[in-house]
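Dear colleague,

Please find below the structure that I am handing over to you. My notes on what was found in it follow directly after.

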Amino acid sequence: MELAASITNIKHDAFYYCNNLKTVVFPQNGTENLVLGLRCFAFCGIENLDLTKTTLETVGNHAFSGNKSLKTVKLGAVTTIDDFAFANCSELTSLIHAGS
């Protein structure tokens, strides 16, 4: 799934338990102040995340929790990562913060 550059807020539970969701492509043109709500991508099948070109305001509680296939997360600029944002991501082996 590819997100539009105009999106600034992904609401609570927006893709909660979308087991077949394997890929989320965040805009590479510099989306700013993106808010990822509570459990917005929890319990999906996402394998890798690249948020290096996105300025994140908030990664909400449990935003990606339970993604058992999630292996790599690359973050750019981020203001807040709430509790348990990546809880129970049992395959997560790499979290890279490249932001300022």
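Tyr17 counts as partly exposed, because its relative accessibility is 44%; buried means under 20% relative accessible area, exposed over 50%, and partly exposed in between, with a 1.4 Å probe and protein chains only. Please note that this is a predicted model, in which local features need pLDDT of at least 70 and side-chain atom pairs count only at pLDDT 80 or more, while totals for chains, interfaces and linings use all residues. Residues are numbered from 1 along each chain as its sequence is written, and side-chain values use heavy atoms, with hydrogens and water left out.

Backbone at two loop residues

Tyr17 is not a glycine, yet its phi is positive, at about 65 degrees. The residue belongs to the loop between β1 (9-10) and β2 (34-36); strands are DSSP runs of E with at least two residues, helices are runs of H or I with at least four residues, and both are numbered from the N terminus. His62, also a residue other than glycine, has a positive phi near 60 degrees. The loop that holds His62 runs between β4 (56-59) and β5 (72-75). With a relative accessible area of 29%, His62 is partly exposed.

Aromatic rings

A pair of aromatic rings is described by the distance of the centres and the angle of the planes. Rings of Phe, Tyr and Trp (its six-membered ring) pair if their centres lie within 6.5 Å; planes under 30 degrees apart count as stacked, over 60 as edge-to-face and the rest as tilted. The search of the whole structure finds 7 aromatic pairs. One of them is formed by Tyr16 and Phe43, which are edge-to-face, with 6.1 Å from centre to centre and 80 degrees between the planes. Because Tyr16 lies in the loop between β1 and β2 and Phe43 in the loop between β2 and β3, this pair ties together parts that are 27 residues apart in sequence. Tyr16 is partly exposed at 34% relative accessibility, and Phe43 is partly exposed with a relative accessible area of 26%.

How are the rings of Tyr17 and Phe43 arranged? Their centres are 4.7 Å apart and their planes stand at 5 degrees, so the pair is stacked. Since Tyr17 is in the loop between β1 and β2 and Phe43 in the loop between β2 and β3, the pair ties together parts that are 26 residues apart in sequence.

Elsewhere, ring pairs link Phe15, Phe26, Phe41, Phe64 and Phe86 into a cluster.

Strands and sheets

Four strands, in the order β1-β2-β4-β6, form an open sheet with parallel pairing; two strands pair if DSSP finds at least two bridges between them. β1 and β6 (78-81) stand at the edges with a single partner strand each, so one side of each is left without a neighbour in the sheet. Within this sheet, β2 and β4 pair in the parallel sense over 3 bridges, and Leu34 stands opposite Leu56 in β4. β4 and β6 also pair in the parallel sense over 3 bridges; here Leu56 stands opposite Val78 in β6.

Another open sheet has 3 strands in the order β3-β5-β7, again with parallel pairing. Its edge strands are β3 (48-51) and β7 (94-97), each of which pairs on one side only. The parallel strands β3 and β5 are joined by 4 bridges, and the bridge partner of Asp50 in β5 is Lys74.

Cysteines

How many disulfides does a search of the whole structure find? The search finds 0 disulfides, a disulfide being a pair of cysteine sulfur atoms within 2.5 Å. Cys44 is in no disulfide, and the nearest cysteine sulfur, that of Cys18, is 5.1 Å away. At 6% relative accessibility, Cys44 is buried. The sulfur of Cys89 lies 10 Å from the closest cysteine sulfur, in Cys44, which is too far for a bond. Cys89 likewise counts as buried, with 8% relative accessibility.

Yours sincerely
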